[in-house]
Amino acid sequence: MPILPGHSLDLYLVPNSALETPPLEVCLAALEAEDLVAGRRGGPRAMGLVSGGFQGVRLDRPGRLTLYANRQGGFRVSCPTTRDNVAPAFQAAPTAWRAGGPTRIACPSCGEVHLFDELVYAPAAAVGWGAVGLLDVETASVLEAGRAQVERVLGPVTIVGSRR
């Protein structure tokens, strides 16, 4: 029986460097200092981060590399060079890297080796050590000014929408 998507949408801000543990507490403190979050809730100016605001904030620290995706399945993984589908090659990779293996795949399309964060995912997905989760967002897009504030602390991020 298929899992139906929930009505709540969360956005995960996943640092693009899959090889480092991000300073998530530092990011949360910076967002609190700018009133974009208050404790673990959307703050007075939360609408400066996500249009319409959000209900809460969660630091996701799973303790291992994690694939952040839409939780509905059915996403596409493509070669960054040829744009060919490489999902079958990627599908076996998480088992290997969870066991301490590499965070890259040998691409069956172009023959090169690609890091996970070089692959093209649709809808957006990212592999990372952790993320800042914006819970129950009103809209699916982070505003550019808010994204710039987050990226000043975490560096470039991938924004992944996830239904629950």
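**A helix and its partners**

Analyst: E25 has a relative accessibility of 42% and therefore counts as partly exposed, a class that lies between buried (under 20% relative accessible area) and exposed (over 50%), computed with a 1.4 Å probe on protein chains only. This is a predicted model, in which local features need pLDDT of at least 70 and side-chain atom pairs count only at pLDDT 80 or more, while totals for chains, interfaces and linings use all residues. Residues are numbered from 1 along each chain as its sequence is written, and side-chain values use heavy atoms, with hydrogens and water left out.

The side chain of E25 meets that of R61 in a salt bridge, at 1.8 Å from N to O; the term stands for a side-chain nitrogen of Lys or Arg within 4 Å of a carboxyl oxygen of Asp or Glu. This pair joins distant parts of the chain, since E25 belongs to helix α1 and R61 to the loop between β4 (56-60) and β5 (66-68), 36 residues away. Helices (H or I, at least four residues) and strands (E, at least two) are DSSP runs, numbered from the N terminus. R61 is partly exposed as well, with a relative accessible area of 49%.

Helix α1, residues 24-33, also packs with helix α3, residues 144-154, at an angle of about 145° and with the axes 9 Å apart. The residues in contact (heavy atoms within 4.5 Å) are L24, V26, C27, A30 and L31 from α1, together with V150, V153 and L154 from α3. Sorted by class, this contact has 8 nonpolar residues and no polar or charged ones, where Ala, Val, Leu, Ile, Met, Phe, Trp, Tyr, Cys and Pro count as nonpolar, Asp, Glu, Lys and Arg as charged, and the others, Gly among them, as polar. The axes are lines fitted to C-alpha atoms, for helices over the stretch in contact, and the angles run from 0 to 180 degrees between N-to-C directions.

The structure holds 3 salt bridges, and one of them pairs D60 with R58 at 2.6 Å, N to O. Here D60 is buried, with a relative accessible area of 12%, whereas R58 is partly exposed at 33%.
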